[in-house]
Amino acid sequence: MDANPLIGVFYHWLGGLSSASFYVPYRGIKRWNWEIFWLTGGVFSWVVMPWVMGSLLVPDLFGIMAEIPAHIVGLCVLFGVMWGFGGLTYGLTMRYLGLSLGMAVVLGLCTVFGTLIPPLVQGDFAAKLLDTLSGRIVLLGLGITVLGICVVAMAGAAKDRAQSPEEKAATVAEFNFRKGILVAIFSGVMSACFAFGLAAGEPVKAIAAAHGTGPLWTGLPVLCLVMFGGLLTNGVWCLILTRRNGSAGQWLGQGEAQSAPLALNYLLAIFGGSLWYFQFFFYTMGESNMGRYGFSSWVLHMASIIIFGTLWGFALKEWKGASAGVKATVVGGIVILLAATVTIGYGNRLGG
């Protein structure tokens, strides 16, 4: 299959939309503690959907997994565990900062680390980004992305300064700027480990292709490994919270959850968890179309998440009461991020 960066950008936008939307169903869950709905949805994110979609689209998935060298399995799972810490605190960031500001800070750090570290570690940073015109254009696109992220984050900080505590609570019930920023920084750094896990699993694609897997789907076995690592981190922490809070009965509609709409809660958690998985499903499809600059997929993915996350923030009235100037700044940030995706796509096309 010939690389087509324009199609790759489209797939990355679908992945960004899935990621930006995953927390919206969770907002509709009633009388369940955070750890209950996070683990319920997470089981579908980290286990059910990776293996179901892999089994449907990858010939002999289990045979492929058996051929993967143990050290590659270990690296993929290890980076998944580290990414799991980012995922845990990502959910907390949404609680403390809301979708718009939370995503901007987390994904800004995640973009820089996840895009630049793999080529640095692999020793081809200069060859890919500095020595060719296409590479320099991709690097320019990364800089534009960081600029757009900073603009959106500045708008969020301005909104925070202008709002009263009552106004903040009305849009984000648990809003806490200081706590949210600290959590977001940690989350952004650890979330970049997902990109490292995908880079570590690159040899798996050749094994999958040798078994007859189509080019769009060769990355799906890697997702099974990396996301299993995320299950370990998130699962352990959620079970600790469940024990500490005595909330396990909520799964059966007991205790505080007696009047909870149990069936609806499960459906919303499953839907949200599935959306979380599909961001990476579309990511692997997008990466397969980006040519020799596949590592730039990470910055495209992050930019699209922020674009759609900011739009969700407007739809959910998180920017209600913000001044016209602040709203204009947010729109400007989105326009900059759109320009970044076009720039990176063009750079990939030149290098294809």
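**Overall architecture and selected contacts of the predicted model**

Of the 352 residues in the protein chain, 57% are buried, where buried denotes under 20% relative accessible area, exposed over 50%, and partly exposed the range in between (1.4 Å probe, protein chains only). The structure is a predicted model, in which local features need pLDDT of at least 70 and side-chain atom pairs count only at pLDDT 80 or more, whereas totals for chains, interfaces and linings use all residues. Residues are numbered from 1 along each chain as its sequence is written, and side-chain values use heavy atoms, with hydrogens and water left out.

The protein chain contains 16 helices and zero strands; helices (H or I, at least four residues) and strands (E, at least two) are DSSP runs, numbered from the N terminus. Among contacts with a separation of 6 or more, 85% involve residues 24 or more positions apart, a contact being defined by heavy atoms within 4.5 Å. The accessible surface of the chain amounts to about 14,100 Å², and carbon and sulfur atoms contribute 69% of this area, as computed by the Shrake-Rupley method with a 1.4 Å probe, with only the protein chains shown counting as cover for residues.

Helix α11 (residues 193-200) is largely enclosed by the rest of the structure, because seven of its eight residues are buried. The buried residues of α11 are C193, F194, A195, F196, G197, L198 and A200. In the largest nonpolar core, which has 68 residues, W38 and F194 touch the most other members. Such a core is a set of buried Ala, Val, Leu, Ile, Met, Phe, Trp, Tyr and Cys residues joined through side-chain atoms within 4.5 Å. When residues up to four places away in sequence are not counted, F194 touches W83, L223, V226, M227, F280 and W298. Another core, of 11 residues, lies apart from the largest one and includes W319, A322, V326 and I334.

Two salt bridges were counted, the criterion being a side-chain nitrogen of Lys or Arg within 4 Å of a carboxyl oxygen of Asp or Glu. One joins the side chains of E202 and K205, with an N to O distance of 3.6 Å. Both residues belong to helix α12 and are three residues apart, about one turn of the helix. E202 is partly exposed at 40% relative accessibility, while K205 is buried at 18%. K205 also forms a salt bridge with E287, whose closest N and O atoms are 3.1 Å apart. Because E287 lies in helix α14 and K205 in helix α12, this pair ties together parts that are 82 residues apart in sequence. E287 is itself buried, with a relative accessible area of 16%. Through shared partners, the salt bridges join E202, K205 and E287 into one network.

Helix α12 (residues 202-210) also holds P203, which is partly exposed at 39% relative accessibility.

S247 is placed in the loop between α13 (220-245) and α14 (262-287) and is buried, at 1% relative accessibility. Its side chain makes a polar contact of 2.8 Å with that of E35; a polar contact is a pair of N or O atoms within 3.5 Å, where within protein one must be able to donate a hydrogen and the other to accept it, and residues adjacent in sequence count only if both atoms are side-chain atoms. Leaving aside neighbours within four places in sequence, S247 contacts N33, E35, I36, L241 and T242.
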